[in-house]
Amino acid sequence: MTWLILVIIVIALWLVLVYNGLVRNRNRAQEAFSDIDVQLKRRYDLIPNLVETVKGYAAHEKTVLEDVTKARSQAMQATGPAKPGAENMLSGALKSLFAVAENYPQLKANENFAKLQDELTDTEDKIQAARRFYNGQVRDFNISLQTFPTNLMANSLGFTKMDFFGDLTDAEKQPVQVKF
Amino acid sequence: MANLYQYQESNIHRTWILFVVFFLVVGGLGYIFSQAYGDPSFFVFAMLFCIIYSFISYYSSAAIALTLARAVPIEKKDNPQLYNIVENLAITAGLPMPALYITPEMQINAFATGRDKNHATVAVTAGALQRLNKDELQGVLAHELSHIGNRDILVSTVAAILAGIISLLADIFLRSLFFGGIGGRRGNNNSEAGEIFFIAAIVLSILAPIGTMLIQLAISRRREALADASGVLLTRYPQGLISALQKIAVDNVPMKSAKDSTAHMWLDTPFKGQGVSWWHRMFMTHPPIAERIKALQQISA
């Protein structure tokens, strides 16, 4: 009789540890996902200043400047599955803007512009870093979810596999075209 | 080694094995000495002393290391490129941003210290900043951040505690022979068993400190290799660290502030220009550079 009770206690303890471990890993992955937004927001905040600086030297490059502004608002409003696509379009618009700026040596010499360019490049690096960290957390969560014997209980406890960032759809794999 | 994860796990396993051996050695020696001495109390004393002493040094490890290296703190405005590299790597690793320092040495080197990730410090030599390009610097800094992430300061402190206990036991035992503390007590034990333990204790008092140093150095080498692997997992660009290590391999600039006590912390041994004989290999704090480069190249092939 005592054996049975001991076995039940051990199994119950195991279930608690498994559940808590999965909760912890999932929360870490979810936090890592929000951290990506933190870096995206940095980019949004830098762009208006950039647009103003460029306008000062290249006011007639209206299309490029408008594209950047529009792409930015679209990206800020996008949620869920539309978000990565909107962010990619914003990256594309920024690339076009910097390409155009190459034709304006006075703009390139402007200190503010140079600083903003550096900041935006660094922000792209930070976005990449945040995504890589998120992928690491997702990997750890999926591993803990799918290894034996946790995988026996995972579904009944309500945990499902998370997706890596950058699981691009076929449409997203095409080169980015800035179109409105 | 087929891939980085396996390389990482292998180093972690070997560290654990080394620690198990270490604990067994400490336990065994404690037992032998207690039997020879007839009284386990000085084993307890040695343990407590070493734990307290080591934790004091653990808490002040950063300050001491930085002072010895004559490191100067820097902020983002002093070197934005360096700051950004470290900040981005910290985001990738999920670590808080460490404090950044530069040491005025021309040798290419770097170290990380600090008792935990919230009190972490990374220092880079001026030589490294001048002579490494961005990818190489990133590889080096990723290695250093990995030390913080893998809690290597704690690992080496625990190893130092164990080594300290053994050295202290050996020391106390040998001293007590001079002051005749053993003579009276031996009569209490079964004299044959007591004699064997006694002889074993003398032999071990001489050999054990060397043995523990070897274990400590082996642990240090495994953690360095682990930091190489973890660092590359952060940058996902092995060539950066490989290229930096290749530059370090031919770097014979001496480090003025190189000290035995802090040699293990640097990216590579600050004592340059040494040949790699068998004897020297046993006593190295870091795996030989050529071995580290080869391991990383095999993984990234």
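Five bridges join strand 2 (residues 99–103) of chain B to strand 4 (residues 121–125) of chain B, and these two strands run parallel. Helices (H or I, at least four residues) and strands (E, at least two) are DSSP runs, numbered from the N terminus. Two strands pair if DSSP finds at least two bridges between them. The model is predicted: local features need pLDDT of at least 70, side-chain atom pairs count only at pLDDT 80 or more, and totals for chains, interfaces and linings use all residues. Residues are numbered from 1 along each chain as its sequence is written, while chains are lettered from A and ligands numbered from 1 in the order in which they are written.

A residue is buried if 20 or more other C-beta atoms, placed from the backbone, lie within 10 Å of its own, exposed if 12 or fewer, and partly exposed in between.

Chain A has seven helices and zero strands. Its radius of gyration (taken over C-alpha atoms) is 23 Å, well over the 16 Å that the globule rule (2.2 Å times the number of residues to the power 0.38) gives for 180 residues, so chain A is more spread out than a compact globule. The C-alpha trace of chain A spans about 85 × 30 × 20 Å along its principal axes. Of its 180 residues, 23% count as buried.

Five residues of chain B are in contact with seven residues of chain A. Contact requires C-beta atoms, placed from the backbone, within 7 Å.

Some backbone angles stand apart. Most residues other than glycine have a negative phi, and most peptide bonds are trans. In chain A, the bond from A:F148 to A:P149 is cis, with omega near -5°. A:P149 lies in the loop between helix 5 (111–146) and helix 6 (150–154) of chain A. In chain B, B:R151 has a positive phi, near 55°. B:R151 sits in the loop between helix 6 (134–149) and helix 7 (152–178) of chain B. With 15 C-beta neighbours inside 10 Å, B:R151 counts as partly exposed. Phi of B:R236 is positive too, near 55°. B:R236 is exposed, with 12 other C-beta atoms within 10 Å.

Methods:
Contact = placed C-beta atoms within 7 Å.
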